Amino acid sequence: MAIGQASQDFLGSSGRLRIMYVGHRNTLSALADDGFTQNNPRVVTTHVSTTLTGITKKGVLGSSVAHTRPDQGNNIVAGPLAPAALNTRPLGLFINDAQGNAYENSPGTASGKVAYVHAGGTYGCQVYETLGQAGGTAGNPITYNSGDPIYSSMNGYITNLAVDASEGVNGQNIGNVTLLGTVKAAPSSSLAEVILDLRV
Amino acid sequence: MSSYGGQSSQDFRGLSGRVRILYRSHDNSLSLLMPDGFTQLNPPVPVTPSQALPTSTTLSGVTKRGVLGGSVAFSRTSGTSDTYVGGPTRSGANVQAGGDAPTANDARVRPLGFFLNDAAGNDYENKPAIGSGKAPYFTPLGCIGLQAYETAKQIEWGGAAAEPMAWTTGKLVFASINGLITPRYRDALETYSAGLLDNTFALATAVTGSPRVTILGVAVVVPTADIPEVAVDVAFRNFA
């Protein structure tokens, strides 16, 4: 059973992140220019998540992972960098699409900032990796289970595969990969989200 | 204008504290401050001619004793009670070459958060730490701006100590041997107290990705000419 009820099992929302218990909504940093223009997916285009079906919008998406972006300067966030760069670290989950939605205000475009949630809380993510991205699991379907650890993939979406983590492929020690959270409820035929407790 | 945007006196330097709480978590005052938390030098590992550990430029002009706002609060034990917090335990004599080796108690000194105020307080203000024996600290999670941080390498390893180091956004943050934040895990108090370094700073064992060393968070804003502050997204964890 889905947790609660909403149109189309919560897919009828213009947002992709469902906030259940909020930590902080952080707007300290500006969004990098490529945060408004990136493709989705951003890096690996051969094993595309089924949760991106029909999404042609550019820019970071709600539910995707905000990263530090030292290549763009001080106090800048966006999706992960490709090709790899050091010190691109996951910070939290973007709340909204950078480009906003038709017939709504577009605060990301207007302010140059896109808020992300961090500092704990519980969230439902409608965008997540459904296929392995790298190594021996590339192209294989991902099965999420309650209790799974969650990382940021090289595309900047959540995944339970540490080998696909953006920090791992950035040439950094796999031991340094940030644990973003823990799955509370896995996607099912009646739940189109990964519900997770955030650890960052 | 600072990289944060916004305005404040002297580009945010007109504060009596060294901490700006950007996204608040908890201000924890459960534990008493160790007596040496009121008397320690700053930095607590003093510079000596024989084995100079460089002093952070952010401590220039600071003669006040006791833990400082923006420094790291560590778990401490009095020997009979564990309900204390304080600064780092290693005195200069301990850490300098020829000093004693880390003890079992040192392994229990772990970072908990960031002190919000100077233990000694400020002139013409209330002095709640002296009055209560407690010094509240900021606990994870949240975001905090710190105006006390290491500005040079502390331990001679892979480059001369005192060599300036670069703060870069995205770097992981650790608690230095002086109890200030540093991006170098080799300078972490826990690296030393876990016996990963010996008392002559020689490599005792591999420390890369050591699970013994606590990651305090990620630097999201680094010091510039506009504002001498490191903003940290605070999320304590250890290497996998």
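**Figure 1. Chain A at a glance.** Among contacts in chain A between residues at least 6 apart in sequence, 65% join residues at least 24 apart. Two residues are in contact if their C-beta atoms, placed from the backbone, lie within 7 Å. This is a predicted model: local features need pLDDT of at least 70, side-chain atom pairs count only at pLDDT 80 or more, and totals for chains, interfaces and linings use all residues. Residues are numbered from 1 along each chain as its sequence is written, and chains are lettered from A and ligands numbered from 1 in the order in which they are written. Chain A holds three helices and 12 strands. Helices (H or I, at least four residues) and strands (E, at least two) are DSSP runs, numbered from the N terminus. Of its 200 residues, 52% count as buried. A buried residue has 20 or more other C-beta atoms within 10 Å of its own, an exposed one 12 or fewer, and a partly exposed one falls in between, with C-beta atoms placed from the backbone. The C-alpha trace of chain A spans about 45 × 45 × 30 Å along its principal axes. A compact globule with 200 residues would have a radius of gyration near 16 Å; chain A has 15 Å, which agrees. That radius is taken over C-alpha atoms, and the globule rule is 2.2 Å times the number of residues to the power 0.38.

**Figure 2. The six-stranded open sheet of chain A.** The strand order is S2-S7-S6-S4-S5-S3, with mixed pairing. Strand S2 (24-26) and strand S3 (30-31) of chain A stand at the edges, each with a single partner strand, so one side of each has no neighbour in the sheet. Two strands pair if DSSP finds at least two bridges between them. Strands of a sheet pair through backbone hydrogen bonds, either parallel or antiparallel.

**Figure 3. Strand S4 of chain A and its partners.** S4(A) covers residues 65-68. A:Val65 and A:His67 point one way, A:Ala66 and A:Thr68 the other way, and all are buried. S4(A) pairs with S6(A) in the antiparallel sense over three bridges. There, A:Ala66 has A:Gly92 as its bridge partner. S4(A) also pairs with strand S5 (residues 76-78) of chain A, antiparallel, over two bridges. A:Thr68 stands opposite A:Val77 in S5(A).

**Figure 4. Surroundings of A:Tyr116.** Strand S6 (residues 90-94) and strand S7 (residues 116-118) of chain A form an antiparallel pair over two bridges. A:Tyr116 in S7(A) stands opposite A:Phe94. Neighbours within four places in sequence aside, A:Tyr116 is in contact with A:Asn26, A:Ala66, A:Val77, A:Leu91, A:Gly92, A:Leu93, A:Phe94 and A:Ile95. The largest nonpolar core has 93 residues, and those with the most contacts inside it are A:Tyr116, B:Ile181 and B:Val232. Such a core is a set of buried Ala, Val, Leu, Ile, Met, Phe, Trp, Tyr and Cys residues joined through C-beta atoms within 7 Å.

**Figure 5. The contact between chains A and B.** Chain A gives 23 residues to the contact and chain B gives 25 residues. On the side of chain A that touches chain B, seven residues are nonpolar, 14 polar and two charged. Ala, Val, Leu, Ile, Met, Phe, Trp, Tyr, Cys and Pro count as nonpolar, Asp, Glu, Lys and Arg as charged, and the others, Gly among them, as polar. For the complex, the predictor gives an ipTM of 0.86 and a pTM of 0.88.

**Figure 6. Strand S8 of chain B.** Chain B has four helices and 12 strands. Of its 240 residues, 46% count as buried. In strand S8 (residues 142-146) of chain B, five of the five residues are buried, so S8 is largely enclosed by the rest of the structure. B:Gly142, B:Ile144 and B:Leu146 point one way from S8(B), and B:Cys143 and B:Gly145 the other way. Strand S1 (residues 19-23) of chain B pairs with S8(B) in the antiparallel sense over four bridges. B:Ile21 stands opposite B:Ile144. Strand S12 (residues 230-238) of chain B pairs with S8(B) as well, antiparallel, over five bridges. B:Gly145 has B:Ala231 in S12(B) as its bridge partner.

**Figure 7. The loop at B:Thr57.** B:Thr57 lies in the loop between helix H1 (36-39) and strand S4 (72-76) of chain B. B:Thr57 is partly exposed, with 14 other C-beta atoms within 10 Å. B:Thr57 and B:Lys153 are 96 residues apart in sequence and 12 Å apart in space, C-alpha to C-alpha. Chain B averages a pLDDT of 81, and 75% of the residues score at least 70. pLDDT is the predictor's confidence in each residue, from 0 to 100.
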